[in-house]
Structure formats: C-alpha cells, structure tokens
Amino acid sequence: MNEEQKLRQLARVARREPPPRVDVAEQVMARLRRREAQTTASLRPLAWVAVAGATIAVPLAIAAGFAWQHLSDPLLLAFAESGGGLL
Amino acid sequence: MSRDEDVPTDREADDVDAAASWGLAGALPRSGDRFADAGAAADLQTIRRVVGGDGNAYRALIERHQKRVSGMMWRFSRDREAHEELVQEVFVQAYESLPNYRAQAPFEHWLARIATRVGYRHWKREKRRPETVPIEEWRDLPDEAVQDLAPEEAGAKLHALLSLLPPRDRLVLSLRYVDERSVEETAALTGWSETMVKVQAWRARRKLKALYERAERGTAR
C-alpha cells in the first residue's frame with residue numbers, strides 16, 4: 001500500500017469520528033455585544049470633537065454673515081470720501 | 001488513478017494568498033442540494049432579521065449551524081479549547097460579513113467558506129511540529145491495522161501527519177481526502193481555480209511521498 005492509499009484509508013476511518021459537542025451561542029453573542037460596545041466607545045471622542053467644532057462654527061458663520069452684509073467696496077468708499085474729486 | 005493526478009508539470013503555481021483572495025459573497029455550488037428547502041428558507045428569514053437590526057436573531061443561526069461548523073473545525077484543531085475558539089471565530093466573522101451575503105447559495109455553504117478561511121489562518125499562525133515522530137508512526141503502521149484503528153485514533157494520526165505539510169498543502173489534502181470534496185467544491189471553498197486545486201493537490205501528495213520515502217531511508221540506514 002503506498003502513502004496515498006494509506007492516507008485515504010486513514011481518512012476513511014477518521015471520518016467516522018464524531019466532532020466534539022460545542023455550544024458557542026452564548027459566547028459568540030457576548031463577543032458581538034462587546035465588539036459593538038467597543039465600537040460605540042471608540043466613536044464617542046469623535047462625537048465630542050464634532051459637537052465642539054459645531055459649537056464654534058455656528059457663531060462664526062452667523063458673525064461672518066453679518067460682516068458680509070455690511071461689507072462694501074473699498075474703492076467706492078474712497079470715491080465717496082473724496083466727493084468725486086478723482087474724476 | 002484519480003483525475004487530478006495527471007497534472008502535466010511541476011511548475012510553480014502562482015503564489016496566491018488564498019485567505020486574501022477568498023471573496024465571501026459568492027456561491028458555493030454543490031450538486032444535489034436544494035436551496036429552497038425549509039432550513040435554507042429559515043436561514044434566509046433569520047438573516048434578513050439580523051441585517052435589519054435584530055442582532056439577537058443571530059443566536060438562532062448559531063444554534064442551527066454550530067454542529068456542522070464544529071465538525072469542520074475539528075479538522076483544523078484537535079485541541080478542544082482552540083477548536084471552540086475557532087468555532088466562535090467563524091460565527092463572529094460570519095456576523096460581520098452578513099451584510100455581504102447575497103443568498104446565491106445556502107447560508108451553510110457560505111459559512112463553510114468562512115470556516116475554511118478561519119481554519120487556514122489558524123494553521124498559518126500555528127508552528128509546524130517536528131516531522132520525525134508522526135511520519136514514522138504512520139509508515140510503521142501495518143496496512144491492515146489502519147482499519148482496526150478507533151476513529152479518534154485515526155483522526156489524531158491523520159491530523160499529526162498532515163501537520164507535517166505547509167498550510168496550503170495541508171488544506172488541499174484535508175479537503176480532497178479527509179472531507180472528500182470534489183475539485184470544484186475545493187475550488188469554491190478555497191477561492192482557488194480548479195487548475196490551482198489540482199496543481200496544489202499534486203504538489204502536496206508529492207511532498208507527502210517525499211516525507212514517507214525519507215522516513216523509509218532513515219530506517220534502512
């Protein structure tokens with residue numbers, strides 16, 4: 001009998017072996033819950049950065065809007081001050 | 001002679017990183033299976049619930065498939081603790097990949113691909129054992145004594161014997177000879193092409209033969 005036939009024969013006998021009984025449902029669910037909690041925890045600092053960024057950005061945007069409304073062309077301003085004397 | 005023995009040359013097969021190339025979303029075709037059976041329909045319904053946000057429904061899938069997965073993973077590790085860890089890992093990875101499941105094949109086939117990948121990675125991490133003891137044990141085992149072995153003993157010897165080979169060779173021989181998978185099924189499980197499976201099986205058998213012959217020469221001296 002060569003090594004391949006011996007391998008096949010050994011495999012034939014080994015296939016009759018019942019695998020160990022396992023019940024992993026509880027452990028898997030616990031691992032999944034832990035992972036989910038870790039993901040949420042790792043996102044929390046990012047959420048705080050986003051909130052802080054928004055807190056600063058909103059008043060800045062409002063102030064910028066006001067400033068934009070009151071901006072005028074500096075050339076026109078100079079022209080008005082000189083009473084049209086440049087022409 | 002089996003049909004995969006006539007691989008023409010001993011050229012090096014492309015060194016595909018099997019684990020990286022195994023897509024999880026594809027189907028695993030297997031003749032004679034009916035996708036529309038009750039079990040598969042129940043799986044599909046449960047998967048929809050899980051993907052829809054009911055994570056607890058996943059427990060039902062685990063309970064339905066853990067026996068089969070345990071059987072598969074027993075080929076990858078005979079250490080009970082490591083074996084249980086592997087079974088858990090299969091279900092954790094399956095859960096994470098579940099949104100990619102396309103239902104083109106029964107869930108159990110898709111799960112088998114994940115199990116194969118997890119087992120293969122386990123072998124890649126594991127250190128190979130010293131090669132002298134099992135090959136000599138195997139060689140010295142009388143042909144007729146193989147039949148008389150207890151299945152557990154045969155399983156342990158087979159495991160020790162295949163552990164002498166690199167993971168890729170070990171994987172292809174396990175699937176082809178131990179699990180009696182066809183070339184097509186082996187290709188689907190590993191993500192290799194059918195030609196690749198044939199070449200890999202041929203090379204693995206050749207390595208095993210070389211080990212066997214080396215052990216014989218060792219005793220002849």
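In this predicted model, the side chain of Thr186(B) lies 2.7 Å from the backbone oxygen of Ser182(B). Thr186(B) belongs to helix H10 of chain B, which spans residues 183-190. Beyond this site, the briefing covers the interface of chain A and chain B, where about 3,900 Å² is buried, and a nonpolar surface patch on chain A.

**Site around Thr186(B)**
- Thr186(B) has 0% relative accessibility and therefore counts as buried, the cut-off being under 20%.
- Leaving aside residues up to four places away in sequence, Thr186(B) touches Val172(B), Leu175(B), Arg176(B), Arg181(B) and Val197(B).

**Interface of chain A and chain B**
- The size of an interface is often expressed as the accessible area lost when the parts come together.
- Carbon and sulfur atoms give 60% of the roughly 3,900 Å² buried between chain A and chain B.
- On the chain A side, Glu3(A), Lys6(A) and Leu10(A) lose the most area to chain B, together 18% of what that side buries.
- Chain A contributes 31 residues to the contact, and chain B contributes 49.

- Seven salt bridges are found between chain A and chain B.
- Arg31(A) and Glu85(B) form a salt bridge, with 3.6 Å between the closest N and O atoms.
- Helices H1 (3-14) and H2 of chain A each supply at least two residues of the side touching chain B.
- H1(A) gives the largest share of that side, eleven residues.

**Nonpolar patch on chain A**
- Val58(A), Ile62(A) and Phe66(A) make a nonpolar surface patch of about 300 Å².
- Phe66(A) sits in helix H2 (residues 25-70) of chain A.
- The relative accessible area of Phe66(A) is 51%, so Phe66(A) is exposed, the cut-off being over 50%.

Technical notes:
Residues numbered from 1 in each chain as written. Chains lettered and ligands numbered in written order. Predicted model: local features only at pLDDT ≥ 70, side-chain atom pairs only at ≥ 80, totals over all residues. Heavy atoms only, no water. Helix = DSSP H or I, 4+ residues; strand = E, 2+ residues; numbered from the N terminus. Buried < 20%, exposed > 50% of the residue type's maximum accessible area, 1.4 Å probe, protein only. Polar contact = N/O pair within 3.5 Å; in protein donor to acceptor, adjacent residues only side chain to side chain. Contact = heavy atoms within 4.5 Å. Patch = residues over 30% accessible without salt bridge, like charges linked within 9 Å, V, L, I, M, F, W, Y side chains within 5 Å. Areas by Shrake-Rupley, 256 points an atom, 1.4 Å probe, with all protein chains shown as cover. Salt bridge = Lys/Arg side-chain N within 4 Å of Asp/Glu carboxyl O. Buried area = accessible area lost by both parts, 1.4 Å probe.
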